[in-house]
Amino acid sequence: MSALSLAVDALNARLVAAEAIGDALELAGGDTSPPWVYVYQTQIEGIREAAEVLETLTRGIGGVAPDIAKRNGIEGVER
């Protein structure tokens, strides 16, 4: 397995932990979770989406430049 694949795996593992922390914070807050819990969860979601794009690029199409990927209809790639 390449170093890049290992790094993507580590990123995914950290995201799973971060999402679990967000869920626990929301549960601990009950019906009135503090607003920062929502902000935390929103940021983790954005990072997760970026990680999915990274994983797609590294494992799915491998090294294709974002402009070429976009031209070929590959979703979620931004410059």
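Trainee: How many salt bridges does the structure hold?

Mentor: The predicted model contains three salt bridges.

Trainee: Which residue does Glu19 pair with?

Mentor: Glu19 forms a salt bridge with Arg48, and their closest N and O atoms are 3.6 Å apart. This pair links distant parts of the chain, since Glu19 belongs to helix 1 (residues 3-29) and Arg48 to helix 2 (residues 35-61), 29 residues apart.

Trainee: And what about Glu45, how far is it from Arg48?

Mentor: The closest N and O atoms of the salt bridge between Arg48 and Glu45 lie 2.4 Å apart. Arg48 and Glu45 are three residues apart in helix 2, so about one helical turn separates them.

Trainee: Where does Glu52 lie relative to Arg48?

Mentor: Glu52 is in helix 2 along with Arg48, four residues apart, which is about one turn of the helix. Arg48 and Glu52 form a salt bridge as well, with 2.1 Å between the closest N and O atoms. Through shared partners, the salt bridges join Glu19, Glu45, Arg48 and Glu52 into one network.

Trainee: Changing topic to accessibility: is Arg48 buried or partly exposed?

Mentor: Arg48 has a relative accessible area of 21%. Buried means under 20%, so Arg48 counts as partly exposed.

Trainee: What are the values for the glutamates, Glu19, Glu45 and Glu52?

Mentor: Glu19 is partly exposed at 28% relative accessible area. Glu45 is partly exposed too, at 30%, and Glu52 is partly exposed with 42% relative accessibility.

How values were computed. Residues numbered from 1 in each chain as written. Predicted model: local features only at pLDDT ≥ 70, side-chain atom pairs only at ≥ 80, totals over all residues. Heavy atoms only, no water. Salt bridge = Lys/Arg side-chain N within 4 Å of Asp/Glu carboxyl O. Helix = DSSP H or I, 4+ residues; strand = E, 2+ residues; numbered from the N terminus. Buried < 20%, exposed > 50% of the residue type's maximum accessible area, 1.4 Å probe, protein only.
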